[in-house]
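Please keep the structure open beside you as you read.

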Amino acid sequence: MRDYLKFYIDGRWVDPAELRTLDVDNPTTEQAGGRIALGSSVDVDTAVEAARNALAAWSISSKEERLDVLAAILEQYQKRVADLAEAVHEEMGAPPALAKGPQVMMGLGHLSTAIDVLKNFSFEQPRGQTVVVKEPVGVCGLITPWNWPINQIACKVFPALAAGCTMVLKPSEVAPFSGQIFTEILDAAGVPAGVYNMVFGDGPGVGAALSTHPGIDMVSFTGSTRAGIEVARNAAPTVKRVSQELGGKSPNIVLDDEAFAQSVAAGVAVMMMNSGQSCNAPSRMLVPNTRMDEALAVAKATAEAVKVGDLADSSAIGPVASRVQFDKVQGLIEKGIAEGATVVAGGPGRPEGLTTGYYVRPTVFADVDNDMTIAREEIFGPVLCILGYDDLDQAVEIGNDTDYGLYGYVSGADLQQARALARRIRAGAVSINHAFDITAPFGGYKTSGNGREWGEEGFADFLETKAILGYAPADSE
């Protein structure tokens with residue numbers, strides 16, 4: 001049992017103002033795997049004060065000083081990879097291969113990216129007599145989710161540090177263990193006191209206090225669109241910057257070409273990764289109506305081959321992260337059936353042989369209309385909807401017919417055609433044949449959010465622009 005009952009404020013582990021605890025379930029056992037302290041607005045006040053006090057020095061630190069700190073974090077992070085992986089496995093049920101692989105390595109990737117961006121970044125640009133300066137936005141409130149816990153912490157904390165900001169982090173209370181280990185890493189690396197602070201808590205107790213706090217200059221939030229709207233509403237009276245990475249219902253347009261079967265199988269496999277708990281998951285597969293039967297046969301075979309709950313198999317998927325999430329996914333599967341969609345693979349209930357744990361059967365739906373609930377709402381589980389199209393114009397129309405705009409996919413052998421379609425999808429990123437780039441900007445259109453994370457664009461989100469006029473003397477000639 002893990003007992004994490006302190007917060008990290010001003011370079012020290014401190015007791016909460018008032019001790020209230022929350023049990024954290026292990027989703028593979030449905031039993032408590034530990035507990036955390038729940039913070040309050042009083043704890044947030046203390047953390048924000050520490051961050052504000054540290055801002056004066058950190059905001060004007062040199063590029064070299066920040067690079068030294070990031071290098072020290074890199075050294076400590078590499079020492080704790082196994083500990084981070086174990087924490088992610090316990091808190092959200094990620095199988096060991098996924099936990100130690102993508103879940104933890106994504107954090108390392110964002111750290112390396114922040115170092116590379118900072119090395120090559122110019123904070124000043126002369127324009128005649130004027131100089132345009134990029135300065136840290138200030139004190140940041142960072143609110144992160146449970147589905148990729150280390151990834152989402154890392155892609156906020158590391159660029160914020162590199163930009164010269166100070167911060168208060170609230171990890172998800174559903175998956176907080178990795179946030180504790182991450183904080184221990186920064187403490188061991190010698191991050192200056194007050195620059196990085198961490199307070200455990202829930203949305204109403206800590207999230208709301210951060211988003212309303214007058215001492216917070218920016219809130220960076222990742223989570224549901226519903227919660228993101230609330231964060232923006234809370235932040236509005238103080239006109240703080242709000243960066244949001246929210247939900248998605250990403251289309252995957254499969255082209256009618258010689259790679260069709262391979263494209264369908266790849267789309268199913270990517271959808272099932274992380275048990276479908278990715279905001280950019282390709283959850284709506286669009287295939288030509290003329291090849292629907294072939295698509296369904298490939299999708300069925302691929303989904304039924306997905307192993308669930310086998311910790312020794314590197315390709316197996318784990319449970320969804322909580323009882324709440326399990327019940328939500330099961331309810332949406334039932335809703336799909338009730339609204340007339342056909343279950344091709346999977347369906348309600350746990351996989352055969354698994355009576356304990358929040359495991360969901362890898363599910364594929366056919367006969368899906370884009371107006372159905374399962375095609376409109378983010379399910380956040382291993383559930384794929386397959387829809388048909390008559391031509392590519394209709395495919396784009398269906399793909400863009402969503403409130404979301406986080407991600408899109410085009411799959412097929414014709415690269416020229418895929419490129420043309422990618423430009424027509426209204427989303428913050430479009431992946432051709434499931435290509436991946438950790439330095440590419442990540443963020444959405446429409447209700448999928450605003451602002452960008454990852455790479456140079458994620459770094460820029462933590463900077464303000466200042467123009468200093470008359471900085472250079474006029475040409476005497």
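Leaving aside its neighbours within four places in sequence, T166 is in contact with A51, A54, L55, W58, G138, V139, C140, G194 and V195, where contact means heavy atoms within 4.5 Å. T166 belongs to strand 9 (residues 166-170); helices (H or I, at least four residues) and strands (E, at least two) are DSSP runs, numbered from the N terminus. With a relative accessible area of 0%, T166 is buried; the term means under 20% relative accessible area, while exposed means over 50% and partly exposed lies in between (1.4 Å probe, protein chains only). A polar atom of the T166 side chain lies 2.9 Å from the backbone oxygen of A51.

A word on the basis: this is a predicted model, in which local features need pLDDT of at least 70, side-chain atom pairs count only at pLDDT 80 or more, and totals for chains, interfaces and linings use all residues. Residues are numbered from 1 along each chain as its sequence is written, and side-chain values use heavy atoms, with hydrogens and water left out.

Two helices can be set side by side, with the expected span taken as 1.5 Å times one less than the number of residues.

| Helix | Residues | End C-alpha span | Expected span |
|---|---|---|---|
| Helix 10 | 292-304 (13 residues) | 18 Å | 18 Å |

In helix 1, the buried residues are D43, V44, A47, V48, A50, A51, A54, L55 and W58. They cover an arc of only 165° around the axis, which puts them on the same side of helix 1; the arc is that of the directions from the helix axis to the C-beta atoms. The face turned away from this buried side of helix 1 carries the exposed residues E49, N53 and A56.

Helix 10 has M292, A295, L296, V298, A299, T302 and A303 buried. Their arc is also only 165° around the axis, so they lie on the same side of helix 10. These buried residues pack against helix 9 (260-272), strand 14 (284-288), strand 15, strand 16 and strand 17 (383-389).

Finally, the aromatic rings. The structure holds 15 aromatic pairs, meaning rings of Phe, Tyr and Trp (its six-membered ring) with centres within 6.5 Å; planes under 30 degrees apart count as stacked, over 60 as edge-to-face and the rest as tilted. The F326 and Y358 rings have centres 6.3 Å apart and planes at 40°, so this pair is tilted. F326 sits in helix 11 (residues 323-338) and Y358 in the loop between strand 15 (342-345) and strand 16 (363-366), 32 residues apart. Both F326 and Y358 are buried. Ring pairs also link Y8, W13, F158, F182 and Y196 into a cluster.

Key:
Polar contact = N/O pair within 3.5 Å; in protein donor to acceptor, adjacent residues only side chain to side chain.
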